[in-house]
Every structure is written in C-alpha cells, then in structure tokens.
Amino acid sequence: MWFLWVPFLFIVLWIAAFVYWIVAIVEVANTPDAQFRAIGSEKIVWLLIVILGGIIGALVWRFAKRADVIRSRGAVPPPPPGWYPEGGTGALRWWDGVRWTDVRHFPPPTS
C-alpha cells in the first residue's frame, strides 16, 4: 500500500520546488542592484541563472551568492569606471571599476 503514496509525494515535492523557484526569482528581482554591485556581481546575471536554471539555478543562488548579497545590504558599491584625479600629480588615472590601472592622462599645461 505504501506505493500508492509515491505519486502523491512526487507531486507535492514538485510543487514545493516550483514554489521555491518562484520565491527565488522574486527575491533576486526585488534585491537592489547596488547590493549586487557592492560584491562585484550583477543582478541581471543572477536573475538569468535563477530563471533559466530552474530549481538548480535557485539552489545555486541560495548556496553560492545569497548570503553575500544580503550581507552587502547598506554597503557602498565601488565607483563606475572612468578617469579620476590623482592626488598631488595633477594627472587623471583610469579606474576600471575594480582596481586602479597604470594608465594616466596628463592634461596639457594651462598658460
């Protein structure tokens, strides 16, 4: 008689996995972009992983990145890539969004 419960348990497990997948999609979608950028990641990438990966993508999100993103709440993301003044030299230095490069721009002298 126990074998009559197997299809029922399979259906319940499938419904629970589907609900968890939807909850993970909503959680990633509602998390601010700044929290992802603060840890060096992108929201759209994780949204695609969860949506296209199904329950496996939701589990990867849960165990690989969720804790880092939640921990970064309130953290300030790094500035965007661009030229920034370098103190004391009068030059502009390139920030690639992650680290300073050795590329410098020296503006022409003013007369």
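Phe18 is partly exposed at 41% relative accessibility (buried means under 20% relative accessible area, exposed over 50%, partly exposed in between; 1.4 Å probe, protein chains only). Trp14, with a relative accessible area of 53%, is exposed. The model is predicted: local features need pLDDT of at least 70 and side-chain atom pairs pLDDT 80 or more, whereas totals for chains, interfaces and linings use all residues. Residues are numbered from 1 along each chain as its sequence is written, and side-chain values use heavy atoms, without hydrogens and water.

Rings of Phe, Tyr and Trp (its six-membered ring) pair if their centres lie within 6.5 Å; planes under 30 degrees apart count as stacked, over 60 as edge-to-face and the rest as tilted. The rings of Trp14 and Phe18 are stacked, with centres 5.7 Å apart and planes at 10°. These two residues are four apart in helix α1, a separation of about one helical turn (helices are DSSP runs of H or I, at least four residues, and strands of E, at least two, numbered from the N terminus). Ring pairs join Trp14, Phe18 and Trp21 in a cluster.

Tyr84 and Trp100 form an edge-to-face pair, 6.1 Å centre to centre with 90° between the planes. Tyr84 belongs to strand β1 (residues 82-85) and Trp100 to strand β3 (residues 100-105), so the pair ties together parts 16 residues apart in sequence. Tyr84 is partly exposed at 25% relative accessible area, and Trp100 is partly exposed at 42%.

Gln35, in helix α2, is buried, with a relative accessible area of 8%.
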